Amino acid sequence: MPSALPLDPPQRLVRSLRSQHGHVGEQTGKAGEQWLDGLSALLGLMLDRWELTPERIVSPGGRSSLVVLVRQADGSPAALKLLAPYLAGARERAERECAALRLWDGGGAVRLLRSDVEDGALLLERLHGETSLRSLPEAKAMLEAASAVRRLWVAPGAEMGAGSVGAGAPDGAAALATLAEHTAAGSALLRSSAPEDVRPLRDEALELREALLSDQPEEVLLHGDFRQGAVLASDAGRAPWLAAGPDPLLGERTFDLARLVRDRLHDLVASPGAAAATRRRLNKLADGLEVDRERLRGWALYRAVESGVRHMSSGQREDGELLLEFAGWL
């Protein structure tokens, strides 16, 4: 029987789930509270079901899941990830993440060992969660990030990574949202919640989304939340750095790079000539990864505005204003 582990959820996760009341509706916010209330029981259930021995909870951890470092019955290390109903149901999130991880099959991303989508539980190979690309100097981190993200952009159904698509991959790929579906909730938020003084920028972001969706040049598997902090050090031997924590979808590559454009935003703001530095970074990413500059600019602006309004709606005004300032530099 697995040993017990005192459960004190990381405060980042608790705050994030409770903030949902402010921007995605009361029902989803209540789902987050209920999940937190039942988290200890859920953890115990999964430890018992998969014969896992817990070592420690990863803290500060993420905003939408609890990660516990564990040992499997044979003594090998792993990480148990319990997905919270953050912006979507835990089962829906688990289905999407499992689908993407099976398609990548360890090629450029963490490997999925076991899953239980009903309970939103994933057992993953263990990476060095305390060491991400953010530990590297900026220029080196961006080079490694570009190398890592290239490996993730695969066509659903193609052979990839360390193996080929598993038997369940076609059904899993079908569960992934398109770019239009993935951004629908964010665009609705922009229409309903943008403050008066943000509306010109909001209108530009919405117009850019519509234009970009009308003529997408490709549809590949995307990480969805790709940034330096999502690429972790690994001992797996396949690559020194592997991506984790996807919010996967099917769409064009520039959407993945849009989040990377604003990485280390606080450092960027503190540097001289932040606006010019932002545009240089965007151009360098576009040229290095051979994508269209204007499409990258469009998605970078849309994602920054959507994230900025979402932060402001949930009471995080300072972060929201910073994201909107960044959008204005593009």
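These notebook entries record what I looked up in the structure above.

**Entry 1: Ground rules**

I worked with a predicted model, in which local features need pLDDT of at least 70 and side-chain atom pairs count only at pLDDT 80 or more, whereas totals for chains, interfaces and linings use all residues. Residues are numbered from 1 along each chain as its sequence is written, and side-chain values use heavy atoms, with hydrogens and water left out.

**Entry 2: The chain as a whole**

I looked up the secondary structure and found 15 helices and 10 strands in the protein chain. Helices (H or I, at least four residues) and strands (E, at least two) are DSSP runs numbered from the N terminus. I then turned to burial, where buried means under 20% relative accessible area, exposed over 50%, and partly exposed in between (1.4 Å probe, protein chains only). Of the 330 residues in the protein chain, 51% are buried. The accessible surface of the protein chain comes to about 14,700 Å², by the Shrake-Rupley method with a 1.4 Å probe, where for residues only the protein chains shown count as cover. Carbon and sulfur atoms hold 48% of that surface. For contacts (heavy atoms within 4.5 Å), I considered pairs of residues at least 6 apart in sequence, and 69% of these contacts join residues at least 24 apart.

**Entry 3: Helix H4 and the residue after it**

I listed the buried residues of helix H4 (residues 39–49) as Leu39, Leu42, Leu43, Met46 and Leu47. Seen down the axis of H4, they fall within an arc of 130°, so they line one face of the helix; the arc is that of the directions from the helix axis to the C-beta atoms. Glu51 follows H4 and lies in the loop between H4 and strand S1 (53–57). Glu51 is exposed, with a relative accessible area of 52%. I noted its positive phi of about 55°, although Glu51 is not a glycine. Most residues other than glycine have a negative phi.

Arg264 lies in the loop between helix H11 (253–261) and helix H12 (265–270). Arg264 is buried, with a relative accessible area of 13%.

I checked how strand S4 (residues 112–116) joins strand S5 (residues 121–124), and found 4 bridges in an antiparallel run. Two strands pair if DSSP finds at least two bridges between them. Leu112 has Leu124 in S5 as its bridge partner. The hairpin has 4 residues between the strands, and Gly120 takes a positive phi near 65° there.

**Entry 4: The sheet S6-S8-S9**

I traced an open sheet of 3 strands in the order S6-S8-S9, with antiparallel pairing. Strand S6 (128–132) and S9 stand at the edges with a single partner strand each, so one side of each is left without a neighbour in the sheet. Neighbouring strands of this sheet are turned by 55° against each other on average, direction ignored; axes are lines fitted to C-alpha atoms, for helices over the stretch in contact, and angles run from 0 to 180 degrees between N-to-C directions. S8 and S9 pair over 3 bridges, and Leu232 stands opposite Leu242 in S9.

**Entry 5: Ser234**

I placed Ser234 in the loop between strand S8 (231–233) and strand S9 (241–243). Ser234 is buried, with a relative accessible area of 11%. Its side chain reaches the backbone nitrogen of Ala236 at 2.9 Å, a polar contact being a pair of N or O atoms within 3.5 Å; within protein, one must be able to donate a hydrogen and the other to accept it, and residues adjacent in sequence count only if both atoms are side-chain atoms. Leaving aside neighbours within four places in sequence, Ser234 is in contact with Leu127, His128, Ala239, Pro240 and Leu242.

**Entry 6: His223**

I found His223 in the loop between strand S7 (220–222) and S8. His223 is buried, with a relative accessible area of 0%. The side chain of His223 reaches the backbone nitrogen of Asp225 at 3.1 Å and the backbone oxygen of Ala244 at 2.8 Å. Not counting residues up to four places away in sequence, His223 touches several residues, including Trp104, Leu152 and Asp256.

**Entry 7: Glu97**

I located Glu97 in helix H5 (residues 90–104). Glu97 is buried, with a relative accessible area of 3%. Beyond its neighbours within four places in sequence, Glu97 is in contact with Lys81, Leu83, Leu122, Pro246 and Pro248.
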